[in-house]
Amino acid sequence: MNFESYFKMVEIVIIAYFFLVNLSYVILFIIGLNSIIKYFRRKPFSGAEIISRSKSTLPISILVPACNEEQTIIDNVKALLKLNYPKFEIIVINDGSTDGTFNLLRDEFNLIRSNAVFQQTLKTEPVHSTYSSMDVSNLFVINKKSCGNKADALNAGLNFSKFQLYCAIDADTIIENNALVRMVKPLLDSTEVVAVGGIVRVANGSEITEGEIKKVRTPRSLIANFQIIEYLRAFLTGRSGWSAMNSLLIISGAFGLFRKAAVMEVGGYRVDTIGEDAELVVRMHRIFREKKRKYQIKFVADPICWTEAPENLKMLFRQRERWHKGLFETIRMNRKMIFNPKYGRIGMLALPYFLIFELLGPIFEIGGFLLFLVAFLTGFYTAPLLLLFIVASILFGTLLSIGALFIEEYDFNRYEKWTDVGKLIFFAFVENFGFRQLLAFIRLRALLFIKISSWELIPRKGFAKQKIVPDAK
Amino acid sequence: MFLIKLSIAFIIFGDILLILGIVVKRMRREYSYRQYLNKVAKYKKMLKDTLNSKGKGILLLNKTEVIADRGPIKKALLECIEETSSERREKRILWLFREIGLAEFYFAGALSSNHITRARAIDTLGDFKIEETVDVIVKALRERSDIVAASSARALGNIGGDVAIKVLVGLLNDPHLAKQSMIISLIENVGNDAVPYLNKILINGSNSIKVQVVKLLGDIGDERAIPLLLYLLDSDNIDLRSKATESLGKLKAMSCLAHIQNLASDDAWPVRAMAAKALGYFGHPSSIKFLKELIRDEEWGVRKNSGRSLSELGIEGEYALIEMLKSVDKFAREMSAAELESNGAITKFSLLAFSDDRKEAENAQTILFDFDNVISKTSMATRFDSIGQKDRNKEKETTGPLFQKVG
């Protein structure tokens with residue numbers, strides 16, 4: 001076999017990979033679009049108003065793990081306290097913060113030490129003290145020793161929580177007022193539903209007052225704009241598509257609602273991984289399928305949680321490396337499910353997809369890029385052919401991004417200004433010239449070299465420092 | 001090469017189509033929303049003129065106009081109903097809904113072959129409380145389409161009236177969980193009018209339905225439920241007994257206080273737990289001796305509820321908890337300490353310990369000493385873990401340290 005034959009073989013593999021990955025994106029887009037349209041057609045009949053005022057609605061414990069979140073924690077808790085839901089408790093787990101997170105909370109909400117003693121069903125690092133608020137009866141704060149892991153903080157919160165359902169959110173996120181009412185619906189409708197994921201969107205640039213999104217706008221930062229497109233693509237097409245096939249593998253740690261009994265049954269969050277959110281969901285799939293239990297894990301496109309996306313490259317690098325490492329660990333820990341018919345479509349479809357197209361994707365993406373470069377330099381490809389390949393791949397990427405924007409515009413319509421929509425369409429094109437390649441590079445680097453610390457201490461700008469509505473009358 | 005060029009052409013076409021879709025959708029939405037608001041304002045003015053002058057106003061619209069603008073007209077009618085506090089005026093608006101032909105239109109919609117149209121029409125008929133449509137709505141309740149069934153249940157809840165309530169209560173037997181949870185909420189909204197029908201279920205229904213109904217009666221809070229709930233206190237079914245106890249507590253049915261106090265010695269711990277909770281709702285000092293007994297119970301849930309109820313009994317309950325700090329029973333001591341801490345009493349005594357009043361300071365110091373004595377030897381739980389409501393023996397099976405003491 002000469003060099004040419006080897007080259008041809010690699011070329012076929014790469015082209016087949018690109019064909020399959022793009023085909024899967026198209027299929028997910030169609031399924032996702034279909035399920036979102038169905039959801040919005042049914043939405044007026046969901047009885048959200050009844051749920052929001054009924055005493056029979058299941059109460060929820062909201063767990064907010066916080067590690068050095070002084071910039072966002074107050075806004076976040078204030079927004080949570082305003083949630084339109086009949087009964088809920090907020091448990092902030094202060095995971096060894098070294099900044100003013102706890103002091104701010106104590107002063108703002110008039111916390112007093114309650115030193116509660118509680119049953120430790122899940123093993124966690126020691127809890128130093130617990131506080132309850134003199135001003136609001138449903139706010140609790142746990143101070144615990146940090147083991148440098150968000151999962152441990154969530155487990156401590158789970159031990160402390162008293163309701164059957166719990167919602168895990170990040171301290172740097174803002175949940176929309178009616179989000180819980182919409183999200184709890186599948187759990188009220190069927191006892192088979194054990195977890196529900198909501199959509200996470202980028203809040204950078206939006207007008208926020210007292211923890212509430214007043215106007216959705218696009219930010220100035222280029223990187224944040226790219227991430228708006230990326231989040232829309234991932235949630236509106238990817239997750240809704242997987243959810244429609246009952247094969248959802250990831251419920252974002254930033255916003256997920258779970259049945260506590262189901263999570264306890266599978267042993268809570270694993271502390272030896274940094275992708276604890278995805279790992280928990282995959283483990284639930286694995287254990288429930290082994291036990292032949294009927295269960296469903298759902299994604300609801302409407303309850304929106306807003307998060308602050310990193311605006312500089314350094315933070316973006318760290319965040320994405322952590323995500324990719326988390327994905328690697330999740331797949332490694334549940335590897336026996338891959339191509340195992342015992343686990344149904346999770347083992348035969350979802351996990352192999354995540355392994356080949358998500359985890360190993362950067363190898364093919366960077367590999368393909370290098371292959372074309374080599375082919376061009378050695379004269380295998382002519383310049384026009386290479387150019388056509390590049391144009392085709394860029395335009396296809398744009399098609400998916402604009403498709404996600406189309407769904408946003410069609411069903412959600414959150415961007416009021418024409419300029420914002422125009423800007424996003426522009427960024428949907430531009431992101432293909434460098435940003436997507438950069439992400440592939442970060443993921444490849446994460447896969448090959450990086451060892452990351454567990455809690456991701458991303459310095460936050462804070463929602464308070466974003467555009468503030470001067471007077472919210 | 002040709003294939004690639006073809007794909008590029010397709011993709012470009014797709015991109016342009018999607019962008020055009022976004023632009024057109026946006027333009028249409030903005031235009032039709034402006035139109036809609038203008039029309040709502042126009043019809044609202046017309047309606048108000050009709051109502052104020054008793055003239056023909058909106059009645060002069062012809063049927064085609066009404067059907068074409070049904071959305072804005074409906075919105076205008078609903079807004080007028082919302083803004084009015086006069087029952088007569090509201091009745092007149094509902095009458096106008098029929099007179100202009102909208103009732104007829106939505107009635108036809110309720111029979112449409114499209115399930116979304118049916119659901120929308122039924123919702124609207126419910127909003128305008130058209131009682132004559134109850135039969136159609138009841139039929140729709142049995143449909144396979146869950147959104148039509150949910151709309152029907154909601155419409156019945158809005159319409160109210162004897163027939164609707166009777167049907168709703170009857171639906172409690174529906175095994176479909178989603179429908180059942182919605183129906184419970186709707187009956188809860190109907191409130192006191194539903195009580196006679198719910199009482200009937202307490203006589204005839206199956207035990208699982210009875211449990212739901214007993215809870216509902218407690219939440220509705222109508223005294224007419226007391227005799228039957230009292231009767232259920234003698235039921236063989238533990239769930240029923242415990243839920244009836246709780247509901248009677250919520251109803252603060254003083255005539256049943258003695259009966260509930262007697263349940264403190266019931267064989268089943270869930271009943272004892274609910275009796276402890278109910279005694280807290282009553283808030284009667286005569287319950288203290290029973291609660292002091294219950295705080296020694298072998299079941300954690302019973303102890304927990306007793307502690308909480310003693311807290312709710314005010315200063316006398318607090319004294320009882322302080323007294324229990326010296327109890328010979330370890331579990332009573334621990335639960336009392338936990339309750340005193342979580343209700344803020346310990347914080348209060350920590351301040352009083354430095355009071356200028358010597359007697360008061362000494363008293364507080366003694367209490368704090370007793371409290372520290374209990375806490376230093378404790379391994380207790382003060383919060384219910386809804387999953388792990390384990391009895392003492394089972395607690396040993398949990399992972400890690402059994403309980404975590406903090407502070």
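## Contacts around B:Val167

Two residues are in contact when they have heavy atoms within 4.5 Å of each other. Going by that, and skipping residues up to four places away in sequence, B:Val167 touches B:Val138, B:Leu141 and B:Leu156. You'll find B:Val167 in helix α9 (residues 161-170) of chain B; helices are DSSP runs (H or I) of at least four residues, strands (E) of at least two, numbered from the N terminus. Its C-alpha atom is 10.0 Å from that of B:Asp135, which sits 32 residues away along the chain.

This is a predicted model, with pLDDT of at least 70 needed for local features and 80 or more for side-chain atom pairs, while totals for chains, interfaces and linings use all residues. Residues count from 1 along each chain as its sequence is written, chains are lettered from A in the order written, and side-chain values use heavy atoms, leaving out hydrogens and water.

## Two domains in chain B

Chain B splits into domain 1 (160-251) and domain 2 (262-384), with bounds from an automatic or database domain assignment. Their C-alpha centres lie 33 Å apart. Nine residues of domain 1 and eleven residues of domain 2 make the contact in chain B.

## A hairpin in chain A

Now for chain A: strands β10 (residues 207-209) and β11 (residues 212-215) run antiparallel, joined by three bridges; pairing takes at least two DSSP bridges. A:Ile208 faces A:Ile213 in β11(A) across the pair. The two strands form a hairpin with two residues between them, and A:Glu210 in the turn has a positive phi of about 45 degrees.
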